[in-house]
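Please prepare a briefing on the structure shown below.

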Amino acid sequence: MTRHLSDEEISAWVLGERTPMQEAHLAGCRECGIRTGRLQAALSGFRESAIAWAAREQHAVPVPTAPRWWQPRSQWLLAAAALVLMTAVPAYRSYSAHLSAARERTVLDAAEDTALLNQVDTQISRAVPGPMEPLVPLVAWNTDANDTHKGNNETNR
Amino acid sequence: MEPAAATGWVTKEMESARAAADFDAVVREYWPRVFRFILVSLRDRNDAESLTQDCFLKAFRAWRNFRGDSSINTWLMRIAVNQLRDHSRNRRLQFWKRTRTAGSTAEWPVADLRSSPEDDAVTKQQVEAVWRAATNLPQQQRTVFLLRFVEDMDLLEIAAATGLKEGTVKTHLFRALQAVREQTGGVR
């Protein structure tokens, strides 16, 4: 290949489309080498400047090191809340049942206490000891008779 | 609440947390690239930042369904390309369009070039010419051009990122490069 590379061939070369003939020509042709090299240098410089510029701009707006905005934090909160509910609801139910049973027990105990108190009250309210109770009607009758007799005496007065 | 269902839900949440942790690593690694591609495409830092966030938010939502058919970089670039397309279509805020219509003498970010002093002026001129040329490219050509010459992606990756056929990508690249070469005066 003796002729110089066309502009299209230089573009294709830069894009990686190279024939052995072009390679052989470029190896020996200073002019084509300079043209190709300059285009490549311009493109490299463009890349370098773009990277440097972006790095500088990004320095002003750094990569979020502790990225939060895409993290599903609310989901974590929901998970925590669900766990609390999962443990709290059965615990509350158990506590509630326990409380209810305790209330029932208290009512029953109160009734038993009342009955016992009544029994004690009845026993200590007796006018005579238990063994003498069979005599109470007799005494009660005598008392009534005495009262009647006393009343008659007062009338007579 | 049924215990089994609750356990399943908690497991799901834990998987979600693991996915979020994996995604954190993805963000740390790929954020700069995505931001750079969008920044160079739009040449507006605020829009680039906003679009990069949108891009990663979209990526996060699709993260669980990512099967690794392509590389993460290609997958993210595809999302970024779509975001850019939507952005240009909907908001019409592109710097490129403004610059082209105004024909303004924009400042090109060539100050950081590390060339030797004697080559400095020439190189900067050539690089500015490439920036100018890229400004005037149609959007699809510019996208393909930037993915190739800034992000250093190969034809297959660019095809996957843009949804174009490999042959179409090659044609776009060739035309873009011709335009760049013309803008740079043939780089003689």
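## Chain layout and helix packing

Along its sequence, chain A follows the pattern α-α-α-α-α. That is five helices and zero strands, where helices (H or I, at least four residues) and strands (E, at least two) are DSSP runs numbered from the N terminus. The model is predicted, so local features need pLDDT of at least 70 and side-chain atom pairs count only at pLDDT 80 or more, while totals for chains, interfaces and linings use all residues. Residues are numbered from 1 along each chain as its sequence is written, chains are lettered from A and ligands numbered from 1 in the order in which they are written, and side-chain values use heavy atoms, with hydrogens and water left out.

**Chains**

- Chain B has eight helices and zero strands, and from the N terminus on its elements run α-α-α-α-α-α-α-α.
- Buried residues make up 22% of the 157 residues in chain A; buried means under 20% relative accessible area, exposed over 50%, and partly exposed in between (1.4 Å probe, protein chains only).
- In chain B, 47% of the 188 residues count as buried.
- Of the contacts in chain A with a separation of 6 or more, 41% are between residues 24 or more positions apart; contact means heavy atoms within 4.5 Å.
- The corresponding share for chain B, again for residues 24 or more positions apart among contacts with a separation of 6 or more, is 64%.

**Helix 1 of chain A with helix 8 of chain B**

- The axes of helix 1 (residues 7-14) of chain A and helix 8 (residues 166-183) of chain B come within 10 Å and cross at roughly 120°. Axes are lines fitted to C-alpha atoms, for helices over the stretch in contact, and angles run from 0 to 180 degrees between N-to-C directions.
- That angle makes helix 1 of chain A oblique to helix 8 of chain B; angles under 35 degrees count as roughly parallel, over 145 as roughly antiparallel, 65 to 115 as roughly perpendicular and the rest as oblique.
- Helix 1 of chain A passes helix 8 of chain B in a right-handed crossing. A crossing is left-handed if the near helix is turned anticlockwise from the far one by less than a right angle, and right-handed if clockwise.
- Helix 1 of chain A contributes D7(A), E8(A), S11(A), A12(A) and V14(A) to the contact, and helix 8 of chain B contributes F174(B), L177(B), Q178(B) and R181(B).
- By class, the residues of this contact divide into four nonpolar, two polar and three charged. Ala, Val, Leu, Ile, Met, Phe, Trp, Tyr, Cys and Pro count as nonpolar, Asp, Glu, Lys and Arg as charged, and the others, Gly among them, as polar.

**Helix 6 with helix 7 of chain B**

- Helix 6 (residues 139-149) of chain B and helix 7 (residues 155-162) of chain B pack at about 135°, with their axes 10 Å apart.
- At that angle, helix 6 of chain B is oblique to helix 7 of chain B, and the crossing of the two is right-handed.
- The contact involves T143(B), V144(B), L147(B) and R148(B) of helix 6 of chain B and I158(B), A161(B) and T162(B) of helix 7 of chain B.
- This contact has four nonpolar, two polar and one charged residues.
- Eight of the 11 residues in helix 6 of chain B are buried, among them Q141(B), R142(B), F145(B) and F149(B).

**Nonpolar core**

- Of the 65 residues in the largest nonpolar core, L43(A), F46(A), F37(B), I38(B) and F145(B) touch the most other members. A nonpolar core is a set of buried Ala, Val, Leu, Ile, Met, Phe, Trp, Tyr and Cys residues joined through side-chain atoms within 4.5 Å.
- Helix 1 (residues 3-42) of chain B supplies the largest share of this core, 12 residues.
- Not counting residues up to four places away in sequence, F46(A) touches V127(B), V130(B), W131(B), A134(B), F145(B), L146(B) and V150(B).

**Selected residues of chain B**

- Q126(B) lies in helix 5 (residues 117-136) of chain B and, at 16% relative accessibility, counts as buried.
- Q126(B) and R181(B) are 55 residues apart in sequence and 9.8 Å apart in space, C-alpha to C-alpha.
- Most residues other than glycine have a negative phi.
- R43(B), not a glycine, has a positive phi of about 55°. R43(B) is found in the loop between helix 1 and helix 2 (45-62) of chain B and is buried at 11% relative accessibility.
- D152(B) also has a positive phi, near 60°. D152(B) sits in the loop between helix 6 and helix 7 of chain B and is partly exposed, with a relative accessible area of 48%.
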